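Trainee: I am new to this structure. Please take me closely through one part, and then show me how the rest is arranged around that topic.

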Amino acid sequence: MKAQQSLISHIDTEQSVRQRTELFERLIFPNRNLVYKICMRFTSRWQDVEENYNECLANLYRYVHTYDPGKNLANWIFICCKRLIYDLDRRRAAFKTSDDLDPEHIISHHAEDTDRMSGNCMGLDNYRELYSDDILRALDRLNPIYREALLLQQAGYKLEEIMEITHRNGTLRTSNIETVKSRLFLAKLKMRQMIDRDGNSRNE
């Protein structure tokens, strides 16, 4: 009986992830520039704009199923992002962090001795030595250009540096930072679909 209930719960979770993903790709992702503009407008420190942008997209993905189609979508996005940005800024001011369901936290958490490594010790040539099997399987299922961007960010590179490296590697045709942002976001979105907050595969 417990096994049956567990299976039903797993199916419900998978269905929920698929539904949220479909809604997000249809409603939110086309409006990502609006999200970025909101972050630019309300983030108190420019250094936190990129982080707030990613947090807002993740939060919109998490709650996109609560959107009422009868209401203005842009207004809903504006309200959700503005509230979250104020909350994030307030938590930073109190020296707190939030990593709920953040693949960056999951990956870093499962890396060996991550807190003792300098920013660029991890790279595309040695990341397999640092992560669990479940995380490696999820990374292997990513589009290579998404995986490259995510691993470079995990290695400590900034957006501009990732743009330069991928352009130099030939995986980014033009030096467009918006493309890098999109690749990072999609990589994190796919990782959320494949692994849970503890870094375990959702397929098992």
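Mentor: Start with helix H7. Tyr 146, Arg 147, Glu 148, Ala 149, Leu 150, Leu 151, Leu 152, Gln 153 and Gln 154 in H7 are buried. Buried means under 20% relative accessible area, with exposed over 50% and partly exposed in between, using a 1.4 Å probe and protein chains only. H7 spans residues 144-154, and nine of its eleven residues are buried, which leaves the helix mostly covered. Across the chain, buried residues make up 44% of the 204 residues.

A word on the source. This is a predicted model: local features need pLDDT of at least 70, side-chain atom pairs count only at pLDDT 80 or more, and totals for chains, interfaces and linings use all residues. Residues are numbered from 1 along each chain as its sequence is written, and side-chain values use heavy atoms, with hydrogens and water left out.

Now the ends of H7. Asn 143 caps the N-terminal end: one of its side-chain oxygens lies 3.0 Å from the backbone nitrogen of Ile 145. Just after H7 comes Gly 156, with a positive phi of about 105 degrees.

Next, the setting. The chain has nine helices and zero strands. Helices are DSSP runs of H or I with at least four residues, strands are runs of E with at least two, and both are numbered from the N terminus.

Move on to helix H8 (residues 159-169). H8 packs against helix H9 (residues 177-194) at an angle of about 100 degrees, with their axes 9 Å apart. Axes are lines fitted to C-alpha atoms, for helices over the stretch in contact, and angles run from 0 to 180 degrees between N-to-C directions. H8 is therefore roughly perpendicular to H9. Angles of 65 to 115 degrees count as roughly perpendicular, under 35 as roughly parallel, over 145 as roughly antiparallel, and the rest as oblique. H8 brings Leu 159, Glu 160, Ile 162 and Met 163 to the contact, and H9 brings Ile 177, Val 180, Lys 181 and Leu 184. Contact means heavy atoms within 4.5 Å.

Helix H2 (residues 32-42) and helix H3 (residues 49-63) also pack, at about 130 degrees, with axes 9 Å apart. H2 and H3 are therefore oblique to each other. Residues in H2 that meet H3 include Tyr 36 and Met 40. On the H3 side, Tyr 53 and Leu 60 are among them.

Definitions and conventions: A polar contact is a pair of N or O atoms within 3.5 Å; within protein, one must be able to donate a hydrogen and the other to accept it, and residues adjacent in sequence count only if both atoms are side-chain atoms.
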